[in-house]
Amino acid sequence: MQVAEKVRKLPHLVTALPGPKAREIVERDHQVISPSYTRDYPLVAKSGRGAMVEDPDGNIFLDFAAGIAVVATGHCHPDVVAAIQKQSARLIHMSSTDFYCEGMVEFAERLASVVPGKSPKRVYFGNSGTEALEAAMKLARYHTRRDKFIAFYGCFHGRTLGSLSLTASKAVQRKRFGALLGGVFHTPYPNPYRGAYGVRPEHAAADALAHIEGELFRRLVDPEEVAAIFIEPIQGEGGYVAAPPEFLRGLAELCRRHGILLVVDEVQSGMGRTGKWWASDHAEIEPDILCTAKGIASGMPLGAVIAKSEVMDWTAGAHASTFGGNPVSIAAASATFDLLESGLIQNAARLGEFIFSRIGDWPQRHRCVGNVRGKGLMIGIEFVRDQRTKEKAPELRNQVIQAAFKRGLLVLGAGENTLRLCPPLIIDEEQAEFALRTLDECIWEADRSV
Ligand SMILES: Cc1ncc(COP(=O)(O)O)c(C=O)c1O
């Protein structure tokens with residue numbers, strides 16, 4: 001870091017929460033901002049540095065949410081800020097749909113070089129996760145000349161009408177939005193804690209695969225009509241549930257057998273968070289198409305679709321976006337890539353192991369923790385009323401999130417009853433220790449109400 005100032009590493013609260021200035025902003029927000037957003041607690045962010053966020057009242061929080069797994073390199077990493085400043089003084093926009101930009105080419109080359117598999121790749125840039133998914137859906141149809149899709153219960157792929165047709169996360173996300181895309185079939189996700197159908201967890205992978213061949217292909221859709229199967233290798237919004245590697249390998253093989261494209265959605269798991277570049281790397285699969293966004297540009301809007309070159313065969317004019325691959329976002333992404341390459345991915349793996357070594361026994365220590373899981377710094381803690389029946393306990397999860405906020409720790413829920421830890425990849429042991437100690441205390445309180 002070039003700045004000599006002492007950067008605080010742990011929370012420091014100076015008012016009751018929310019403080020007076022934060023409260024005033026929240027009240028104004030409620031008058032003018034879309035009420036469709038879900039805010040779990042009244043954090044008002046004024047500035048951020050590393051893993052710390054400061055509110056307008058001077059309270060400082062430790063951020064284990066990272067803007068929903070976005071600020072991979074921490075808030076305002078000096079290298080990312082410098083790259084943004086330099087690029088924005090040189091060229092902010094030109095539109096890569098009409099002209100060429102070296103930065104975009106160079107970043108695409110780097111991105112393609114770390115996506116799993118040896119086949120040559122091509123890259124399409126958009127501005128967000130949902131745009132990446134929309135592009136992948138169109139590309140899959142274009143390339144295969146087939147029009148059906150398969151996706152998984154619990155997965156979240158975005159909120160625009162195409163990607164929302166794949167999303168099967170929460171009914172509220174679909175309610176009153178009318179008919180979505182036809183020809184999308186959903187199938188159980190191989191949840192290793194609950195099983196594919198809520199039973200037989202040890203058969204989750206086999207059951208989920210059998211359902212596609214034995215039910216979907218026999219009763220609902222001929223595989224010859226399926227363009228692509230979309231999957232999050234680790235469900236994000238669904239509760240930080242990782243599909244078993246043997247399932248992902250089986251799925252890749254099933255796709256190959258039927259000429260179906262395998263599309264992995266690594267919008268949340270992507271670029272280093274899991275301790276490898278991609279969650280797909282843990283299963284050693286080569287997807288036909290990989291979608292990513294969120295963390296790749298440390299907070300600047302950027303989404304990417306990386307496909308085998310033979311698959312990304314659409315013609316000029318078939319798809320484009322005015323802002324996609326914006327030079328400033330690309331500069332932030334290149335700086336992020338440098339930082340990931342030079343230590344942050346290892347840090348994610350190392351801190352992930354450190355955290356697991358501390359929380360692995362929480363289901364034994366805490367009555368209301370049913371399961372802890374994850375890879376690298378993508379960690380889920382699932383709350384239950386009863387460890388034997390696995391009855392979900394969303395209210396206990398919510399209680400813990402609120403209690404953590406009051407102690408200066410920012411965390412988010414995922415799925416119905418899971419608490420997710422997705423801190424910036426720059427955190428150290430001291431910060432992890434603090435977060436775990438805080439959660440431990442909050443969970444003891446929740447235990448008492450079971
Ligand atoms: C796995 C996954 N796919 C797609 C999306 C949609 O991304 P965005 O909100 O940038 O449109 C998300 C967002 O949470 C996600 O987690």
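**Note on helix packing, domains and ligand shell**

1. The axes of helix H7 (residues 204–220) and helix H8 (residues 245–258) come within 9 Å and cross at roughly 20°. Axes here are lines fitted to C-alpha atoms, for helices over the stretch in contact, and angles run from 0 to 180 degrees between N-to-C directions. Helices (H or I, at least four residues) and strands (E, at least two) are DSSP runs, numbered from the N terminus. H7 and H8 are therefore roughly parallel to each other; angles under 35 degrees count as roughly parallel, over 145 as roughly antiparallel, 65 to 115 as roughly perpendicular and the rest as oblique. Their crossing is right-handed. A crossing is left-handed if the near helix is turned anticlockwise from the far one by less than a right angle, and right-handed if clockwise.

2. This is a predicted model, in which local features need pLDDT of at least 70 and side-chain atom pairs count only at pLDDT 80 or more, while totals for chains, interfaces and linings use all residues. Residues are numbered from 1 along each chain as its sequence is written.

3. Which residues make the contact of H7 with H8? On the H7 side they are Ala205, Ala208, Leu209, Ile212 and Glu213, and on the H8 side Glu246, Phe247, Gly250, Leu251 and Leu254. Two residues are in contact if their C-beta atoms, placed from the backbone, lie within 7 Å. By class, the contact of H7 with H8 has 7 nonpolar, 1 polar and 2 charged residues. Ala, Val, Leu, Ile, Met, Phe, Trp, Tyr, Cys and Pro count as nonpolar, Asp, Glu, Lys and Arg as charged, and the others, Gly among them, as polar.

4. Helix H3 (residues 78–90) also packs on H10, with axes that come within 8 Å and cross at roughly 150°. H3 and H10 are therefore roughly antiparallel to each other, and their crossing is right-handed. H3 brings Asp79, Val80, Ala83, Ile84, Lys86, Gln87 and Ser88 to the contact, and H10 brings Pro327, Val328, Ala331, Ala332, Ser334, Ala335, Thr336, Asp338 and Leu339. These residues divide into 9 nonpolar, 4 polar and 3 charged.

5. Helix H12 (residues 394–406) and helix H13 (residues 429–447) have axes that come within 9 Å and cross at roughly 135°. The two helices are therefore oblique to each other. H12 passes H13 in a right-handed crossing. Leu396, Gln399, Val400, Ala403 and Ala404 of H12 meet Thr438, Leu439, Cys442, Ile443, Glu445 and Ala446 of H13. That contact has 8 nonpolar, 2 polar and 1 charged residues.

6. The domain assignment gives domain 1 (20–77 + 345–447) and domain 2 (80–340); such bounds come from an automatic or database domain assignment. The C-alpha centres of the two domains lie 25 Å apart. In the contact between them, 30 residues of domain 1 touch 30 residues of domain 2. The elements that give two or more residues to the domain 1 side are helix H2 (66–69), helix H10 (327–359), strand E13 (369–375), strand E14 (378–386) and strand E18 (418–421). By class, that side has 15 nonpolar, 10 polar and 5 charged residues.

7. Around the ligand there are 15 residues, and the closest are Ser128, Gly129, Thr130, Val267 and Gln268. A residue is near a molecule or strand if its C-beta atom, placed from the backbone, lies within 6 Å of it. Helix H5 (residues 129–144) gives the most to this shell, with 3 residues. The shell divides into 5 nonpolar, 7 polar and 3 charged residues.

8. Two backbone details remain. The peptide bond from Leu17 to Pro18 is cis, with omega near -10°, and Pro18 lies in the segment before helix H1 (20–32). Ala66, in helix H2, has phi near 55°, a positive value in a residue other than glycine.
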